[in-house]
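Okay, thanks everyone, let's get going.

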Amino acid sequence: MKKMLRSIYDTALTNSKCYDWLDYLSNTIGSRLSGSKGAEKAVIYTKAELDKLGLDRVFLQEVMVPHWVRGEKEKAYFENKGKKINVPICALGSSIATPKQGLIAPIIEVMGIEEMIALGAEKIKGKIVFFNRPMTPIHIETFKAYSGCLDQRSSGAREAAKLGAVGVIVRSMNLRLDDLPHTGNTNYGDLPKDKYIPAAAISTNGANLLKEALKENPNLNFYFKQSCETLPDVLSYNVVGEIKGSQNPDKIMVVGGHLDSWDLGDGSHDDGAGVVQSMDILSIFKI
């Protein structure tokens, strides 16, 4: 058993195709937003590569997927002491657009959904809610820090809409201070569509600028404009490769990753790496 595991380990380190596969997915195909041409190309590519491995079976499994498009680059600013201060934002996945001319309204900072709910509709109605709870760096497991803030992004717009808010701005899920807003999905749940409000992420530097400005002037107005849109679901595919076990052919061990990725990056980490590692497991086991 030790020799077999050592052989698998050594093969993965010395004869892996992972980097070549990941390089193609990331740099030739690039972003693979659900329902996009990039996602379609990724399906075709990964099936072709699995076909080369001589597996027992490779097939495509039909699945309907969401088709959300970002539209034009988003814009945002606030005015303080007579100056217009532009801040980097990006629409959250599944968000609706602002009105064509954009949205401007008073903005109120909260550290989370519970704090917002405690303020009540009287203080939230007609305002843009600014969720500014940062990730904490004290956790060894980074995902714990990430998940500690995630509800602001995933549920913030839904819960703010219930209190009469007109929009939501969410601090990016990022420990680093930079000007790169992080997209990610928001979820309106069972909220009626006519109650949806636009939601965007603001960069960590932008969030800090806005926080300091609100300390000086709690009555700031915030403006943002985004033109994202959710189109009808489209047909896509799961790419499946199989190797039947020699002793227990009816038992199943599953490894996998998601081919789709957000449009503002190349999807190398989320989740190109998981995809190519799963492909490499099949390659090594076939050997």
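Quick definition: two strands pair if DSSP finds at least two bridges between them, and strands here are DSSP runs of E, at least two residues, while helices are runs of H or I, at least four, all numbered from the N terminus. Bear in mind this is a predicted model, where local features need pLDDT of at least 70, side-chain atom pairs count only at pLDDT 80 or more, and totals for chains, interfaces and linings use all residues. Residues are numbered from 1 along each chain as its sequence is written, and side-chain values use heavy atoms, with hydrogens and water left out.

So, the hairpin of E2 and E3: 2 residues sit between the strands, and Lys81 takes a positive phi near 55°. E2 and E3 (residues 83-86) pair antiparallel over 4 bridges, with Asn80 opposite Lys83 in E3. E2, residues 75-80, also pairs antiparallel with E9, residues 221-225, over 4 bridges. There, Ala76 stands opposite Phe224.

Now the helices. The axes of H1 (residues 2-14) and H9 (residues 268-286) come within 10 Å and cross at roughly 125°. Axes are lines fitted to C-alpha atoms, for helices over the stretch in contact, with angles from 0 to 180 degrees between N-to-C directions. Under 35 degrees counts as roughly parallel, over 145 as roughly antiparallel, 65 to 115 as roughly perpendicular, and the rest as oblique, so H1 and H9 are oblique to each other. Who touches whom, with contact meaning heavy atoms within 4.5 Å? Ile8, Thr11 and Ala12 from H1 meet Asp280, Ile284 and Phe285 from H9.

Definitions and conventions
Contact = heavy atoms within 4.5 Å.
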